[in-house]
Amino acid sequence: LSILPPLLPRLCPMKLSAFVGLSAGQVFEGGVLDVGAPLAAPGNTPVVFVHGMGDAGSNPGMKNLCASVPKKFPGTYSKCSNVANGLASITQTMDKQLEEFVADIR
């Protein structure tokens, strides 16, 4: 469900190494994600971030990542999905996670 890889070209320069192990000329300092100067967001495509196993959409790193999108693309809606947090992301069935995710983004 990760949409991060297709978004990387649109969101750079951005340091995401703390989140996804990337490094190419990006800046992450003091726990704040630097996304550079704002860009126009033609069409304002909504963005939904989904955390990985063992993480939570309410964690500061995820919240910071989600907040970076409207800073870089003013007027763009960004959401951190808060589904199957912590251990539930490992133990809950994918069908149940997907059901909750669909309800979360509607």
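Glu99 is exposed, with a relative accessible area of 52%, where exposed stands for over 50% relative accessible area, buried for under 20%, and partly exposed for values in between (1.4 Å probe, protein chains only). The model is predicted, so that local features need pLDDT of at least 70 and side-chain atom pairs count only at pLDDT 80 or more, while totals for chains, interfaces and linings use all residues. Residues are numbered from 1 along each chain as its sequence is written, and side-chain values use heavy atoms, with hydrogens and water left out.

Three salt bridges are present, each being a side-chain nitrogen of Lys or Arg within 4 Å of a carboxyl oxygen of Asp or Glu. Glu99 pairs in this way with Lys96 (3.8 Å, N to O), and both lie in helix α5, three residues apart, about one turn of the helix; helices (H or I, at least four residues) and strands (E, at least two) are DSSP runs, numbered from the N terminus. Lys96, which is partly exposed at 34%, also forms a salt bridge with Glu100, the closest N and O atoms being 3.9 Å apart. Through shared partners, Lys96, Glu99 and Glu100 are joined into one network. A further salt bridge brings together the side chains of Lys79 and Asp104 (3.3 Å, N to O), linking strand β4 with helix α5 across 25 residues.

The structure also holds one disulfide, a pair of cysteine sulfur atoms within 2.5 Å, formed by Cys66 and Cys80 with their sulfur atoms 1.8 Å apart. Because Cys66 lies in helix α3 and Cys80 in strand β4, the pair ties together parts that are 14 residues apart in sequence. Both Cys66 and Cys80 are buried.
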